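Open the model in a viewer and keep the selection panel at hand. The stops below are meant to be taken in order.

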Amino acid sequence: MSPTKAVYNARHWTVESEDQPPPPFFSRSHANSASVPTGSASKEPTESEKDDGVFKAPPPPPKVTKCVTVPTDPYQDTVTTLKCHKTHKELYTVVQHVKHFNDVVEFGENQEFTDDFEYLTTGLKSGQPLNTRCLSVISLATRCAMPSFRMHLRARGKVAKVFKTLNDAPQLPNLALCTAALMYILSRDRLNMDLDRSCLDLMIRLLELDQDQGAGTGPDSSVQFSAKELAKIKEKIRKLCDTVHNKHLDLQNITTGHLAMETLLSLTSKRAGDWFKEELRLLGGLDHIVDKVKECVDNLNRDDQEENLVSSLWGAERCLRVLESVTVHNPENQSYLIAYKDSSLIVSSAKALRRCEQMIQRYSREINSDGGMVGKAVEDCMRAIIGVLLNLTHDNEWGSTKTGEQEDLIVTALNCVLRVPQYLPQEQRFDIRVLGLGLLINLVEYSARNRYFLMEMEMEGGQGPCDSTVMLSEQHQDLSSSGGPLSAIAALVQLFLQRERAAVLAEAQTDDLIKEAPKPALDQSGEWQETGGEIQWVANDNASDKQEEGKEKNDEEDEQLDLNKALQHAGKHMEDSIVASYTAVLLGCLCQGSPMNVTTVRENLPKGDFSIMTEMLKKFLNFMNLTCDVGTAGQKPISRIIDYLEHC
């Protein structure tokens, strides 16, 4: 064999037919043979010989030669290599950089998505006919219904490119409807929609198209669709939206403005970035949301049908959630919303809160089993309303004054603390009470007018806190049960005393459970016995082992029950302590700068002593110092109230 030729090993798949014998097989032991005996070619191969062509023994390892290269430079290292002559190894092909199966599949999927996107975006350009552009937008929205395709667009930053191409959509009502549908589909993810300022501007311009512009309308009616074609487009959009999460979308009201509003409401400042708060105000998005809140609140006062009530409550609640998000730690948005259309948001919020207070008694899920959906919608809307008002009144004298001027708002906020909780499920009472107390604190902290109004307020029928389970002292029990008028201050002092005593009781019960540590179980798997002068451990039989296992299991269950009880008491103690602390902060705000108010509050406290309030506030301040950053809003006012009450 020539040294320049490689040894070729035949494989069974290279045989073209059964009549044609395979090429001669050269084993390594016969590598230097010049020929193969001719007699073996005409002999019919046996079954074992056939199998040897397919299942052959692995070849021996190739012969390698160790080569050591001594460097000429004394500072270089010696290089050792292993070399194998080509006559000692089989002929093979080296394929480098072989991709994994998953990589190949992913590459194919990405290539498919890229091809689809490039093809569809070609039909979006302004030079294409209107029907082609609309069809391309609907087709792209259909592809975007797949989460993997949406992720592909986000990963490559192509969302902004699409909407830049569709920037003229508001001028063409039919294209605007399709574009709004595409935006709605893209907003179905919990992730960021990758909006920029131009995309948000397009969304708000689509939002202005509130009225359904049908066929033959628009700047150029000659390029618009007929009524039949428009109905087909809406049906496609309806079916498309039905394939994604559309809890709040009215499928029977498929309009450009409705789809754009639902898209905007699904976005929050956390998902769209901090710039979203400012751009939403500068581009007029806040105006549309506030107007939507007003519309929903007006519908609440006009319609009593449960289905319409739920729709209006949910619409207002979702708008208020966005407003709550964009006003957190944003004084510019707070001031803008306070001033917009003569405090339209505050007026609408006050009306909605008053209306919700009336409806919660009728549709209470705690009292009326038929409350159901309406009761849940009322509860959610109340929390959203108070959340927005908390942001507008936080450290803002203007916002506090404007809010306190609304009809019956302070009374409604006080009722949220004292009366509304009894109509809510047990797990919801703490939230609404703390929200109400927080709103009252904001209202009276910087507004002398609001402090005076709250001090002069009286509760109807002399009714104080309604869902309390802790007994009052005999003096306050008589005051609470009397039919005479009960001042707001007396009712708040009652609430403080109730929650303070409940917190002390829960803390004592928790301490008792913790002190009752379980005794270590004795090893009863056997016993020591003395036999032949030696002491040996003798194991018990299996029956006793099973009994011990059952006993250990029961002990573990008892320990788990004790732990659950301790956690429940600790949670109850925390809730009661927070409510008592918030109430003490509210009473302290009323006392500051007014000796008359100090006297009024002192008269309702046991023995006229403020120490019970200051002790609770000190514990609350220590808790805030442990769990919050230093300088967090609320710590300085609490310290100031403690110092004032200790020296008044």
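Predicted model: local features only at pLDDT ≥ 70, side-chain atom pairs only at ≥ 80, totals over all residues.

**Stop 1: helices H3 and H5**

Select residues 101–122, which form helix H3, and display helix H5 with them. H5 covers residues 147–155. The two helices pack with their axes 11 Å apart, at an angle of about 75 degrees. Angles of 65 to 115 degrees count as roughly perpendicular, and H3 and H5 are therefore described that way.

Now show the side chains where they meet. On the H3 side, select Asn110, Phe113, Thr114 and Phe117; on the H5 side, select Ser148, Phe149, His152 and Leu153. The residues of this contact divide into four nonpolar and four polar, with no charged ones.

Stay on His152, which lies in H5. Is His152 buried or exposed? His152 counts as buried because its relative accessibility is 3%, and the cut-off for buried is under 20%. Leaving aside residues up to four places away in sequence, His152 touches Asn110, Phe113, Thr114 and Lys158.

**Stop 2: helix H10**

Next, select residues 256–265, which make up helix H10. How many of the residues of H10 are buried? The count is 10 of the 10, so H10 is largely enclosed by the rest of the structure. Among the buried residues are Thr256, Gly257, His258 and Met261.

Then move to Ser266, in the loop between H10 and helix H11 (269–272). Ser266 has a relative accessible area of 14% and is therefore buried. A polar atom of the Ser266 side chain lies 2.6 Å from the backbone oxygen of Thr263, and Thr263 is one of the buried residues of H10.

**Stop 3: salt bridges**

The structure has 16 salt bridges by count.

Begin with Arg318 and Glu262, whose side chains meet in a salt bridge at 2.8 Å, N to O. This pair links distant parts of the chain: Arg318 is in helix H14 (residues 306–326) and Glu262 is in H10, 56 residues apart. Both Arg318 and Glu262 are buried.

Go on to Arg365 and Glu379, where the side chains meet in a salt bridge at 2.7 Å, N to O. Arg365 sits in the loop between helix H16 (344–362) and helix H17 (372–393), while Glu379 is in H17, 14 residues apart from it. Arg365 counts as partly exposed, at 32% relative accessibility, whereas Glu379 counts as buried, at 3%.

Now select Arg640 and Glu445. They form a salt bridge in which the closest N and O atoms are 4.0 Å apart. Arg640 lies in helix H27 (residues 635–647) and Glu445 in helix H20 (residues 426–445), so the pair ties together parts that are 195 residues apart in sequence. Arg640 counts as partly exposed, at 42% relative accessibility, and Glu445 counts as buried, at 18%.

Notes:
Residues numbered from 1 in each chain as written. Heavy atoms only, no water. Helix = DSSP H or I, 4+ residues; strand = E, 2+ residues; numbered from the N terminus. Buried < 20%, exposed > 50% of the residue type's maximum accessible area, 1.4 Å probe, protein only. Contact = heavy atoms within 4.5 Å. Axes fitted to C-alpha atoms, helices over the stretch in contact; angles between N-to-C directions. Parallel < 35°, antiparallel > 145°, perpendicular 65-115°, else oblique. Nonpolar A, V, L, I, M, F, W, Y, C, P; charged D, E, K, R; others polar. Polar contact = N/O pair within 3.5 Å; in protein donor to acceptor, adjacent residues only side chain to side chain.
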